[in-house]
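Please look over the structure below before reading on. The notes that follow go through it point by point.

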Amino acid sequence: MAGTGEGKKDDEYKRMNNFPLIRHTDMPEEMRVETMELCVTACEKFASNNESAAKMIKESMDKKFGSSWHVVIGEAFGFEVTHEVKNLLYMFFGGTLAVCVWKCS
């Protein structure tokens, strides 16, 4: 029974924090907005499958902004990447789900 209350708290937390929070980006404004909206759409569409969400984001970014985009989606990960200038976005969605999108060639 105690576990049920925790589940309710987690669901409420996710519902209350169901907005994108950008932690770091060096993208131009227009690219940042498009990328953020794409990430939110993919994470909502594939809420239980981060791999499919990452694939959707990568393929869309490759088509829109040229190839060599990389995407990592998950909880509790660290990263160190080399990227092209003005081509990095690191954001959170739904409270604890992190999305990192970057381009390198």
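Notes on the predicted model

1. I73 is a residue of strand β2, which covers residues 69–74. Strands here are DSSP runs of E with at least two residues, helices are runs of H or I with at least four residues, and both are numbered from the N terminus. Residues are numbered from 1 along each chain as its sequence is written, and side-chain values use heavy atoms, with hydrogens and water left out. The model is predicted: local features need pLDDT of at least 70, side-chain atom pairs count only at pLDDT 80 or more, and totals for chains, interfaces and linings use all residues.

2. Is I73 buried or exposed? I73 is buried, because its relative accessible area is 13% (buried means under 20%, exposed over 50%, and partly exposed in between, with a 1.4 Å probe and protein chains only). Leaving aside residues up to four places away in sequence, I73 touches C43, N50, A53, A54, I57, L97, A98 and V99; a contact means heavy atoms within 4.5 Å. The C-alpha atoms of I73 and F92 are 9.4 Å apart, with the two residues 19 apart in sequence.

3. Strand β2 pairs with β4 in the antiparallel sense, over six bridges. Pairing requires that DSSP finds at least two bridges between two strands. In this pairing, V72 is opposite C100 of β4.

4. Strand β4 spans residues 97–103, and seven of its seven residues are buried. Which residues lie on each face of β4? L97, V99, V101 and K103 are on one side, A98, C100 and W102 are on the other, and all are buried.

5. Strand β3, residues 88–93, also runs antiparallel to β4 and is joined to β4 by six bridges. L88 has W102 of β4 as its bridge partner. The hairpin of β3 and β4 has three residues between the strands, and G94 there takes a positive phi near 70°.

6. For the protein as a whole, the secondary structure comes to three helices and four strands. Their order from the N terminus is α-β-α-α-β-β-β. Of contacts between residues at least 6 apart in sequence, 60% join residues at least 24 apart.

7. The protein has 105 residues, of which 30% are buried.
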